[in-house]
Amino acid sequence: MEENQVVRLAQQGDQEAFSVLVRAYQNRVFGLAVNVVHNRETADDLTQEIFIKAYLSLPRFRFQSEFGTWLYQIAMNHIRDYLRKWKKEKDQLSLDEIPEPSLLEKEVSLQLSEGQEEERRRLLLRQKMEEMPEKYRLILSLRDIQGLSYEEIGKILKLSPGTVDSRLHRARRLLRKKLAPLLSQEGGL
Amino acid sequence: MMNCQKAERLISKLVDGRLGSRDSARLEGHLKVCPSCAELLSEYQKMKNFLSDLKITGVEPLPYFEERLKARLQTVARPSLWVALERWYAAAVPVFMVILLILAGVLFLVQPAEVQMSQSELLLFQNQNPLKDTQAFFEEEKPETRQLKLLFAGLDSQEIIRRGKQ
């Protein structure tokens, strides 16, 4: 059965049709979330919430885009809201609750001594990504981590190709500045 | 001559595989004479590789994803009345807006008809006694004069006076 037919059935309240859509997209939506938040439990919870939102919004889907694009738009909006909330909560934490900066370094040294240099690099990169504004973090995740095309990114984030290009450039420039001392080291991080 | 700011933008496009041949040649020329931009290119390439290395592939949600979702959906299930209302609302709002626009257009374009007033109404409107002249006719002593004045007054009363011309 064609996807649009399944969507129409789901709009009419067919639970099985909605389950078909969930099965078709759950891994992709989860992949989208996990590559932004880098935590399986959080990504799983976000994916559940995204499908609930999609289910509730289904009567408003007018087939003006592909169902997948529409679902990814819901997913990105939800992930963006989560990142904003998460950042706000993090900013509101008292100084006592924030881990000391040296903690990461200690952890890194320990991991390095155990020969896990790749894991150390990933850890540092994720930390720097988390420090970035969410609009830059999202676009870097979509393009440089997940490898989506400019056209796909434009559709999901509702941006023109020119805006995708300029935002991506600003995001890379900012991340490079954050990583500059480490990138300039011989052999990278 | 290309400046370093422009070169950085082109470097970003180059590592992304989106730089045209013309810009590529211009950037190459700049990199030959600018060691800091050549270093920048190396840093961008490293960064791109490290980022792509962050990709988590072949992952699936935690076990029993669908069962857990179904259980959650039952707690947030849309009432059918609400769905019907949502559909009606989505269709009714544009129709209502169109009707509202048409009504506003009709009210704007259709001017109210001009009000025509008789001589007596006009005098009343100007807070004067409309019987004042008639009274004067009957007070004339000579019957010929009285009849002539009444005759001419009868002709004058056919005239319609428009408020807008006053």
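The contact between the chains takes 37 residues from chain A and 30 residues from chain B. On the chain B side, α1, α3, α4 (65-75) and α5 (80-109) each supply at least two residues. Keep in mind that this is a predicted model.

**The chain B side of the contact**
- Helix α3(B) brings the largest share of the side of chain B that touches chain A, namely eight residues.
- By type, the residues on that side split into 15 nonpolar, 13 charged and two polar.

**Helix α1 of chain B**
- This helix covers residues 4-15. Its twelve residues should span 16 Å at 1.5 Å a residue, and that agrees with its end C-alpha atoms, because they are 16 Å apart.
- Which residues of α1(B) are buried? They are Ala7(B), Leu10(B), Ile11(B) and Ser12(B).
- The cover over those buried residues comes from both chains: it includes α9 (161-183) of chain A, along with α2 (21-33) and α3 (35-53) of chain B.
- Just past the end of α1(B), you'll find Gly17(B) with a positive phi of about 70°.

**How α1(B) packs on α3(B)**
- The axes of α1(B) and α3(B) cross at roughly 30° and come within 10 Å, and the crossing is right-handed.
- From α1(B), the residues making this contact are Cys4(B), Ala7(B), Glu8(B), Ile11(B), Ser12(B) and Val15(B).
- From α3(B), they are Ser36(B), Cys37(B), Leu40(B), Leu41(B), Tyr44(B), Gln45(B) and Lys48(B).
- Sorted by type, the residues of this helix pair's contact are eight nonpolar, three polar and two charged.
- A handy rule for looking at lists like these: an α-helix has 3.6 residues a turn, so residues three or four places apart point the same way.

- His169(A) sits in helix α9 of chain A and touches Arg9(B) and Ser12(B), leaving aside residues up to four places away in sequence.
- Is His169(A) buried or partly exposed? It has 18 other C-beta atoms within 10 Å, while a buried residue needs 20 or more, so His169(A) counts as partly exposed.
- Leu140(A) is 29 residues from His169(A) in sequence, but their C-alpha atoms are 9.4 Å apart in space.

**The largest nonpolar core**
- This core has 54 residues, and Val29(A), Ala33(A) and Ala75(A) have the most contacts inside it.
- Helix α2 (residues 15-37) of chain A gives the most to the core, with eleven residues.
- Ala75(A) touches Val29(A), Leu32(A), Ala33(A) and Ile50(A), again not counting residues up to four places away in sequence.

Methods: Residues numbered from 1 in each chain as written. Chains lettered and ligands numbered in written order. Predicted model: local features only at pLDDT ≥ 70, side-chain atom pairs only at ≥ 80, totals over all residues. Helix = DSSP H or I, 4+ residues; strand = E, 2+ residues; numbered from the N terminus. Expected span 1.5 Å × (residues − 1). Buried ≥ 20, exposed ≤ 12 C-beta atoms within 10 Å, placed from the backbone. Contact = placed C-beta atoms within 7 Å. Core = buried A, V, L, I, M, F, W, Y, C linked by C-beta atoms within 7 Å. Nonpolar A, V, L, I, M, F, W, Y, C, P; charged D, E, K, R; others polar. Axes fitted to C-alpha atoms, helices over the stretch in contact; angles between N-to-C directions. Left-handed = near helix turned anticlockwise from the far one by under 90°.
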